[in-house]
Amino acid sequence: MKESYQIASHFYDEMLLSDGQHRAHYQHYWEWLQAADKEAVARKREEAELLFHRVGITFNVYGEDGGAERLIPFDSVPRIIPASEWAMLDRGIRQRVQALNAFLHDIYHQQHILKAGIIPAEQVLVNDQYQPCMQGVDLHRNIYAHIVGVDMVRNNDGEYYVLEDNLRTPSGVSYMLENRKMMMRLYPELFAEQHVAPVERYPSHLLQTLRESSPVNDPVVVVLTPGRFNSAYFEHSFLAQQMGVELVESADLFVKDGAVMMRTTAGPCKVDVIYRRVDDAFLDPLAFRPDSMLGVPGLLSVYRAGNVVLANAIGTGVADDKSIYPYVPDMIRFYLDEDPILNNVPTWQCRNPKDLSYVLANLDQMVVKEVHGAGGYGMLIGPVASQQELSDFRARLQARPDNYIAQNTLSLSTCPTFIDNGLAPRHIDLRPFALCGADIRLVPGGLTRVALTEGSLVVNSSQGGGTKDTWVLEDDASC
């Protein structure tokens, strides 16, 4: 398959060097790709799409055809990370997650970091994601974020930068697992030629983490889903099935005598741990939104009494708010007395007049995000925005500066990706998943998302992005 592949100028390409030679850790794949039959590869790409449809690996798009289901495009060129590089990322993610959990415990208890003036108190205490009902509530092991997804990119300087932390209900791990299963089915010979670290242990690690989140011996664990119309419902059902636990909706649970009970054919059963994929506002209509049909009345009172565990905890969203993100390096220094291993992207907080002036003067060069935004919505990418879009966003910034942060436009690395007429560079990011129980656990790799539109920097599936399998080589000798 002698494909001509031209790297994009000014961008770091994951597979090729600037002179067109392959990177050492891509050697085996590059040799395989050069020898592969083009038509056979095309047939296997079609087979992958058919299998994903058959398994039902889809997501729902809100506001489109009443929540139309879409297949997340899968690209069969893997993103490969050498062992030494992953070791650095692993250390950095563990450090970051440890600091974020320390921050969450602190702000709901003594608030040392606020009293020290490291983070402005008003930025935390009046944040929409801060939950006063969690003040003084002690959690087992002081863990608030049991499951964390850390979004990162590689810039054209070759360095990794963390874009954001996902601590509420991070999604995408099911696609990581299914992508690996698909690659091993389609191309088993690739895995025989080199040592790729396994990811299939994630469900067992997740179950162990959830069990360790409770002080109860042999706790009953369930996955709480909003239902089949939720965009990530496939993942909810997939993880419940993989862990061997019940997938429940609000109607399956009720509160009685200070405990959360599950309706079963054998009668009520006490629930000890709820891996919830429902946002805070909808968890308990008696405490939060009274119109919620997705929550369990009385759940908060049971939780505050310590009679059930919620993973992740209520109120974790304040730590992944984009206005708090710039302070994570300060958290690492404050709580761990260490220098950050992973870089943050330089960030301007539009709530600060000086920062706002700079952003407005350089709007066509900036990426501007809503502090509570997600899924690629509500953001501006200045270099590709029209004059009308720039004008509209300028007005939004001036009206609600506290609702936005801005960052320099990073040159996201590229990775070869199949398009209709061969291979082309497309921009990618990486979301590794960390699990926090008695220890912090990571499976090597994560979910690589790819922007399938030429020149696009938006990798979100809701915005037309796809996914790739992420290979971490178990030793650099296999490069």
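## A word on classes first

In this report, Ala, Val, Leu, Ile, Met, Phe, Trp, Tyr, Cys and Pro count as nonpolar, Asp, Glu, Lys and Arg as charged, and the others, Gly among them, as polar. Please keep in mind that the model is predicted.

## Overall build

Let's start with the whole protein. It contains 13 helices and 23 strands. Along the principal axes, the C-alpha atoms fill a box of roughly 70 × 60 × 50 Å. A compact globule of 479 residues would have a radius of gyration near 23 Å, and the protein agrees, with 23 Å.

Of the 479 residues, 57% count as buried. Among contacts with a separation of 6 or more, 68% are between residues 24 or more positions apart.

The largest nonpolar core has 71 residues, and Phe103, Ile274 and Met331 have the most contacts inside it. Helix α3, spanning residues 83–107, gives the most to this core, with 9 residues. A second, separate core has 59 residues, including Val77, Leu207, Leu423 and Leu435.

Leaving aside residues up to four places away in sequence, Phe103 touches Ile113, Ile119, Val124, Ala319, Ile324, Met331 and Tyr335.

## The second largest pocket

This pocket has a volume of about 340 Å³. Its lining comprises 18 residues, and those closest to the centre are Arg45, Glu49, Pro73, Phe74 and Asp75. By class, the lining of this pocket has 10 nonpolar, 2 polar and 6 charged residues.

Three elements, α2 (38–55), β3 (74–81) and β18 (414–419), each supply at least two residues of the lining. The largest share, 5 residues, comes from α2.

## Enclosed cavities

The structure also holds 2 cavities of 30 Å³ or more. About 40 Å³ of space lies in the largest cavity, and its lining consists of Phe52, Ile57, Ile72, Phe74, Tyr175, Asn179 and Thr467. That lining divides into 5 nonpolar and 2 polar residues, with no charged ones.

Note on methods
Residues numbered from 1 in each chain as written. Predicted model: local features only at pLDDT ≥ 70, side-chain atom pairs only at ≥ 80, totals over all residues. Heavy atoms only, no water. 1 Å grid on protein atoms, 1.4 Å probe; cavity = no way out; pocket = protein on both sides within 12 Å on 5 of 7 lines; lining within 4 Å. Points joined across faces, edges and corners; volume = space filled by probe spheres on them. Helix = DSSP H or I, 4+ residues; strand = E, 2+ residues; numbered from the N terminus. Core = buried A, V, L, I, M, F, W, Y, C linked by side-chain atoms within 4.5 Å. Buried < 20%, exposed > 50% of the residue type's maximum accessible area, 1.4 Å probe, protein only. Contact = heavy atoms within 4.5 Å. Rg over C-alpha atoms; globule rule 2.2 N^0.38 Å.
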